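Here are a few notes to read alongside the structure, for anyone meeting it here. Take them one at a time and find each residue as you go.

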Amino acid sequence: MSGADPRDFDGRVAFVTGAGAGIGQGIALRLARGGAAVACVDLDPGSAQRTAHEIGAAGGRAVALAGDVSVEADVTRLVEQAGDSLGGLDVLVNNAGVLYVGRFEDSTLEEWDRTFDVNLRALFLTCRAALPRLRASGAGAIVNIASMAAFRYTVPHVAYASTKGGVVAFTRDLAFELAVDRIRVNAVAPGPIATNMGSSLSASDLEKAGFRFVLGRIGQPADVAEAVAFLASERASYVTGATLPVTGGADLATRALRPEDA
Ligand SMILES: NC(=O)c1ccc[n+]([C@@H]2O[C@H](COP(=O)([O-])OP(=O)(O)OC[C@H]3O[C@@H](n4cnc5c(N)ncnc54)[C@H](O)[C@@H]3O)[C@@H](O)[C@H]2O)c1
């Protein structure tokens with residue numbers, strides 16, 4: 001375990017979706033280093049196991065839970081298993097997501113539905129299922145992973161951008177409703193991050209979309225995880241309904257995009 005991370009999550013339980021890879025894995029490891037017991041949730045049981053094992057090997061506490069966050073019965077079971085095995089639920093991180101890149105007229109209804117199911121419907125399911133335990137926490141926190149695509153055109157992915165815009169609005173409105181329960185709801189909007197999903201965008205796609213990595217590098221899962229850890233912790237006790245861009249400045253470019261660049 002790194003001695004550098006503040007122990008903001010001692011005695012807390014976190015539920016992280018899509019924890020088997022990429023950003024979700026980075027978030028699970030970071031919250032565990034901060035003292036959280038972590039439910040590592042993923043569609044892929046092997047990858048969830050690997051993240052939980054890495055946490056255990058570093059002296060932390062974690063369980064691996066396999067399921068599809070867009071399926072109501074799975075979510076009910078996952079939240080129960082996490083709460084029962086780790087003793088409550090204080091932090092919910094909605095990170096699992098899917099991305100289909102392609103022009104609107106070439107995309108399918110199946111892709112549209114799957115994108116909405118995993119990126120948005122799942123938030124309804126996890127937040128509803130976790131609500132009683134988050135309320136009981138007294139300092140519950142939800143952090144949703146949106147995207148820079150909620151705010152500006154990046155590459156052709158109308159469905160994905162629509163869901164991420166939905167995540168921003170979901171976050172704001174739910175924050176209003178849950179403030180009375182002392183549950184804070186925030187989001188992080190990453191720019192391009194080096195993960196399996198991130199690698200589906202080629203360097204030339206990013207160049208065409210006008211990205212400028214003004215900090216000189218692509219983002220890493222740990223960059224997003226640090227922002228999530230802040231928003232999930234009591235250090236952000238006066239922050240709710242916010243969406244924090246974590247883009248390395250990639251969204252600061254103003255070059256006009258032409259339709260033929262799509
Ligand atoms: N990588 C980027 O550039 C980038 C940028 C902005 C936002 N994001 C967002 O960050 C989040 C994580 O992205 P990533 O790049 O780490 O992706 P990734 O594809 O590398 O990892 C996603 C993980 O989620 C799991 N998953 C997918 N569908 C699931 C389901 N239905 N139920 C449970 N688990 C499921 C996958 O098995 C995988 O382990 C997503 O919400 C994504 O939209 C990513």
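**Notes on the predicted model**

1. Let's begin with a salt bridge: the side chains of Arg172 and Asp173 meet at 3.0 Å, N to O. Please keep in mind that this is a predicted model. Arg172 is partly exposed, at 46% relative accessibility, and Asp173 is partly exposed as well, at 44%.

2. The structure holds 11 salt bridges in total. One of them joins the side chains of Arg114 and Asp68, at 3.2 Å from N to O. Arg114 belongs to helix H4 (residues 109-137), while Asp68 sits in the loop between strand E3 (61-66) and helix H3 (72-86), so this pair ties together parts that are 46 residues apart in sequence. Asp68 is buried, with a relative accessible area of 14%, whereas Arg114 counts as partly exposed at 25%.

3. Another salt bridge brings together the side chains of Asp223 and Arg217, at 2.8 Å from N to O. Asp223 is partly exposed, at 27% relative accessibility, and Arg217 is partly exposed at 47%.

4. Now have a look at Arg30, in helix H1. Is Arg30 buried or exposed? With 1% relative accessibility, Arg30 counts as buried. Its side chain makes a polar contact of 2.9 Å with the side chain of Glu226, and a network of salt bridges links Asp5, Arg30, Arg33 and Glu226. Leaving out residues up to four places away in sequence, Arg30 also touches Pro6, Ala225, Ala229 and Arg235, among others.

5. Next comes the interior. In soluble globular proteins, nonpolar side chains tend to be buried together. Here the largest nonpolar core has 30 residues, and Ile27, Leu31, Val38, Val188 and Val228 have the most contacts inside it. Several elements supply at least two residues each, including strand E1 (13-17), helix H1 (22-33) and helix H7 (221-232). H7 gives the largest share, 7 residues. Another core, of 26 residues, lies apart from this one and includes Ala37, Leu65, Leu174 and Val185.

6. Val188 deserves a click of its own. Beyond its neighbours within four places in sequence, Val188 is in contact with residues including Val143, Ile145, Val224, Val228, Leu231 and Leu244.

7. On the surface, Phe104, Leu109, Trp112 and Val158 form a nonpolar patch, with about 410 Å² of accessible area together. Val158 lies in helix H5 (residues 158-178) and is partly exposed, with a relative accessible area of 42%.

8. Finally, a backbone detail: Arg182 has a phi near 60°, a positive value in a residue other than glycine. Arg182 is in the loop between H5 and strand E6 (184-190), and at 54% relative accessibility Arg182 counts as exposed.

Conventions
Residues are numbered from 1 along each chain as its sequence is written. This is a predicted model: local features need pLDDT of at least 70, side-chain atom pairs count only at pLDDT 80 or more; totals for chains, interfaces and linings use all residues. Side-chain values use heavy atoms; hydrogens and water are left out. A nonpolar core is a set of buried Ala, Val, Leu, Ile, Met, Phe, Trp, Tyr and Cys residues joined through side-chain atoms within 4.5 Å. Buried means under 20% relative accessible area, exposed over 50%, partly exposed in between (1.4 Å probe, protein chains only). Helices (H or I, at least four residues) and strands (E, at least two) are DSSP runs, numbered from the N terminus. Contact means heavy atoms within 4.5 Å. Patches are made of residues with over 30% relative accessible area and no salt bridge: like charges are joined within 9 Å, nonpolar side chains (Val, Leu, Ile, Met, Phe, Trp, Tyr) within 5 Å. Accessible areas come from the Shrake-Rupley method with a 1.4 Å probe; for residues, only the protein chains shown count as cover. A salt bridge is a side-chain nitrogen of Lys or Arg within 4 Å of a carboxyl oxygen of Asp or Glu. A polar contact is a pair of N or O atoms within 3.5 Å; within protein, one must be able to donate a hydrogen and the other to accept it, and residues adjacent in sequence count only if both atoms are side-chain atoms.
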